[in-house]
Amino acid sequence: MEDIQFSCVAADGSAPRRRALSHREKRLVVTSLLAVSTHLQHTAALRRSPGRRAGLREAIATHAMADSNSSATVWDAPFLMANAIVSGVLPRETPRWWIRRRTGGTWQDLIIDDDATEDYFHEKLRMTRGAFYDIVAACTPFLQRFLTHYRTPLMPEQLVAFALYRWASGETFDSATSSFGMGRSSGIKVVRDVTNAILSAYPDKIAMPTGRRLLQVTRALAAKGFPNCFGCMDCSHVYVDKPANALAENYFDRKQQYFVIAQVVVDLDMRVLDVHVRYPGSIHDARVLINSSLYRRAEAGTLFLADAVDLPYGVRTRGYVLADNGYGPLPWLVVPYGGVVQPPDEAHFDTCHKSSRNVVEWAFGRLEGMWRLFLRQHKTNMENLPQQFTAVCILHNLLIEAGIEFDERLLVDRDADGNERPIDLGMHEPAAPVSQDDATDDALALRDALSFRMHPTMA
């Protein structure tokens with residue numbers, strides 16, 4: 001404030017003379033700025049409150065003037081005025097002509113706080129209002145936005161809501177963004193930012209169970225005849241449009257659709273324990289497994305760390321998962337015997353194995369039924385599709401823990417004639433079972449021991 005000067009024009013029209021403001025004039029200017037800033041801030045807060053009374057405005061003005069006379073705060077007036085401008089208390093400069101005016105649409109309907117919109121909220125975002133704001137609170141530190149002179153930034157809850165709506169509805173960016181008051185390019189950036197925020201806010205939400213949770217999981221599967229089993233594994237197809245700058249045959253299947261393989265391990269509560277999404281549809285499921293971190297950790301002995309369990313034939317195991325015969329047997333991967341004509345013990349084992357493994361199909365039904373973007377072909381960036389699918393798996397676990405129920409009607413679609421038909425989840429039996437001739441003795445011994453323990457009278 002020391003360099004504030006005052007200009008005036010001489011009576012004879014000569015060059016203007018400059019003089020510095022006196023201390024009293026500086027104090028008057030600062031007092032006025034401080035009074036206006038404080039008054040506008042308090043008035044804005046008063047207007048947002050439910051009970052507005054005209055009598056309080058005079059008190060606010062008086063209080064502002066009284067506070068402005070304090071010498072301790074008088075020099076903070078310029079900073080208060082600047083904050084008032086950028087925070088929206090004072091009106092912003094009119095947006096330029098190239099900034100499109102947009103309406104709130106779906107977002108405006110979602111922020112209405114009354115009981116009548118709870119079903120609408122669940123329909124659009126697949127969760128309750130409480131679960132949504134818990135996710136927003138966790139993601140807010142990772143969704144920082146900078147103020148600009150021409151536009152107020154979108155709030156974190158609006159960013160999260162748009163990403164959830166995009167995943168839940170499967171709408172294109174052109175259609176979805178218009179309902180949330182943003183442009184297409186902004187919508188693409190919002191989905192990327194929210195994906196990274198969810199991955200950062202919940203880094204351990206997808207992990208193999210430990211401690212008390214491990215006991216719950218292994219006991220539940222032991223009741224089905226598989227002691228020390230961690231979960232069940234299978235693959236699903238995530239359908240996409242043909243990726244740009246990629247060979248079509250890499251993503252093409254026998255049904256003439258483009259897709260990416262999603263490998264997932266779940267427990268009996270349908271929680272996702274491990275997910276791997278990267279490889280195109282032309283890659284065999286067994287090769288996807290070999291190139292995943294799940295395989296590397298299991299082979300290194302750092303994945304299954306439960307207390308060892310003794311099985312028949314002197315077999316000991318610290319953990320394993322169940323999979324279909326699209327994979328070969330491994331010391332930590334138990335697959336069915338397979339075959340057309342089977343001995344009674346093998347047939348019984350395969351029946352129990354399949355009934356336990358059905359949980360993977362239920363999990364994919366809930367996961368992709370809720371987040372329908374991954375049920376149908378859609379344009380996507382192949383670089384961030386794995387991150388988006390992983391973020392959706394995290395949301396899947398969060399909603400299970402929150403007790404959010406799944407609407408089975410989401411798994412029913414209508415054809416061109418209006419007839420209901422079940423949705424294709426992209427889970428298909430392997431065209432040909434993987435040969436088990438190269439299986440190690442330890443892998444075969446584990447399956448035989450489980451089969452004998454399951455029904456020793458049939459052995």
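**Exercise 1.** Leaving aside its neighbours within four places in sequence, with which residues is Gln 342 in contact?

*Solution.* The model is a predicted one, in which local features need pLDDT of at least 70 and side-chain atom pairs count only at pLDDT 80 or more, while totals for chains, interfaces and linings use all residues. Residues are numbered from 1 along each chain as its sequence is written, and side-chain values use heavy atoms, with hydrogens and water left out.

Begin with the position: Gln 342 sits in the loop between β9 (333–334) and α14, where strands (E, at least two residues) and helices (H or I, at least four) are DSSP runs numbered from the N terminus. Next, apply the contact criterion (heavy atoms within 4.5 Å); setting aside neighbours within four places in sequence, Gln 342 is in contact with Tyr 337, Ala 347 and Asp 350.

**Exercise 2.** Determine which polar partners the side chain of Gln 342 has, and classify the exposure of this residue.

*Solution.* A polar contact is a pair of N or O atoms within 3.5 Å; within protein, one must be able to donate a hydrogen and the other to accept it, and residues adjacent in sequence count only if both atoms are side-chain atoms. The side chain of Gln 342 makes such a contact with the side chain of Asp 350 at 2.6 Å, and a polar atom of the Gln 342 side chain also lies 2.9 Å from the backbone oxygen of Gly 338. As for exposure, buried means under 20% relative accessible area, exposed over 50%, and partly exposed in between (1.4 Å probe, protein chains only); Gln 342 counts as partly exposed because its relative accessibility is 24%.

**Exercise 3.** Is Thr 317 buried or exposed, and what does Thr 317 touch, not counting residues up to four places away in sequence?

*Solution.* Thr 317 belongs to strand β7 (residues 315–317), and its relative accessibility is 5%, so it counts as buried. With residues up to four places away in sequence not counted, Thr 317 touches Asn 228, Asp 307, Ala 308, Val 309, Leu 311 and Leu 446.
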